[in-house]
Amino acid sequence: MNNCGREKTLSLTKKYTTMSFELPKLPYAYDALEPHIDARTMEIHHSKHHQGYTNNLNNAIAGTDLEGKSIEDIVTGLDMNNSAVRNNGGGFYNHSLFWDVMNPEDKGYLSGELKDVIVDTFGSVDAFKDAFAKAAATRFGSGWAWLCVHKGGKVEVCSTANQDNPLMPGMGCEGTPILALDVWEHAYYLKFQNRRPDYIQAFFKVINWNHVEKLYAENK
Ligand code: MN3
């Protein structure tokens, strides 16, 4: 696959402009998030699911005017009737962000300007976590929970179905995603079975707040 000199780092800056997309490398080992997120789930999720979205996205855009565009431009300008690009472009973008917002070295410590705006918006960090957990737990079937930042710095919690995300047109969920949680069963079923709320609490223990704060600063 021709990567046209694209950087291979995992980051949601405008780097995914290439003739074809490549599965981003995980910034940590499959077992790095143990015991909160298990290694087997991480391996299947990254090497099978995310690889599948990547391959299918490349197939869906091959020979179209979407080829060569960044993934952000593809999902932002999406024709929502184009289900192949909607599902696989969303799947590519969403998982790329998801891996980056988790990190075993970070102890879930929220600080700085983002902490201030979260406390202003939700009342407390715990109240934010409750709102995020509720969005994740009440998303029926498959989907994602998000923390988004609006231009001007306001933040919003919401959820979307399937592989949709807040950058897509008409989601009723605005802004740029800076925190993402996959609540498809493939993200948690091996370890947690039907206990999605336990998985959500495990996720809070591995959030890479340093990266989320960086995304906030870049997109506010
Ligand atoms: Mn997934």
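**A buried histidine, then helices and strands**

Modeller: Let's start with His-45, which is buried, with a relative accessible area of 2%. Bear in mind that this is a predicted model.

Colleague: Which helix does His-45 lie in?

Modeller: Helix H1, residues 39-61.

Colleague: New topic. Which residues are buried in H7?

Modeller: H7 covers residues 196-204. Its buried residues are Arg-196, Tyr-199, Ile-200, Ala-202, Phe-203 and Phe-204.

Colleague: What covers them?

Modeller: The cover includes helix H3 (83-100), helix H5 (125-138), strand S3 (176-182) and helix H6 (189-192).

Colleague: Stay with H5. How do the axes of H5 and H7 cross?

Modeller: They come within 10 Å and cross at roughly 140 degrees. An angle over 145 would count as roughly antiparallel. H5 and H7 are therefore oblique to each other. Their crossing is right-handed.

Colleague: Which residues meet there?

Modeller: From H5, Lys-129, Phe-132, Ala-133, Ala-136 and Ala-137. They meet Arg-196, Ile-200, Gln-201, Phe-203 and Phe-204 of H7. By class, the contact of H5 with H7 has seven nonpolar residues, one polar and two charged.

Colleague: What about H4 and H8, how do their axes cross?

Modeller: H4 is residues 112-122 and H8 is residues 209-219. Their axes come within 8 Å and cross at roughly 80 degrees. H4 and H8 are therefore roughly perpendicular to each other.

Colleague: Who makes the contact?

Modeller: H4 brings Glu-113, Leu-114 and Val-117. H8 brings Trp-209, Val-212, Glu-213 and Tyr-216. The classes in this contact of H4 with H8 are five nonpolar, no polar and two charged.

Colleague: Now the strands. In what sense do S1 and S2 pair, and over how many bridges?

Modeller: Antiparallel, over seven bridges. S1 runs over residues 143-149 and S2 over residues 155-161.

Colleague: What is the bridge partner of Gly-143 in S2?

Modeller: Ala-161.

Colleague: And how many residues sit between the strands of that hairpin?

Modeller: The hairpin of S1 and S2 has five residues between the strands. In this hairpin, Gly-152 takes a positive phi near 105 degrees.

Notes: Residues are numbered from 1 along each chain as its sequence is written. This is a predicted model: local features need pLDDT of at least 70, side-chain atom pairs count only at pLDDT 80 or more; totals for chains, interfaces and linings use all residues. Side-chain values use heavy atoms; hydrogens and water are left out. Buried means under 20% relative accessible area, exposed over 50%, partly exposed in between (1.4 Å probe, protein chains only). Helices (H or I, at least four residues) and strands (E, at least two) are DSSP runs, numbered from the N terminus. Contact means heavy atoms within 4.5 Å. Two strands pair if DSSP finds at least two bridges between them. Axes are lines fitted to C-alpha atoms, for helices over the stretch in contact, and angles run from 0 to 180 degrees between N-to-C directions. Angles under 35 degrees count as roughly parallel, over 145 as roughly antiparallel, 65 to 115 as roughly perpendicular and the rest as oblique. A crossing is left-handed if the near helix is turned anticlockwise from the far one by less than a right angle, and right-handed if clockwise. Ala, Val, Leu, Ile, Met, Phe, Trp, Tyr, Cys and Pro count as nonpolar, Asp, Glu, Lys and Arg as charged, and the others, Gly among them, as polar.
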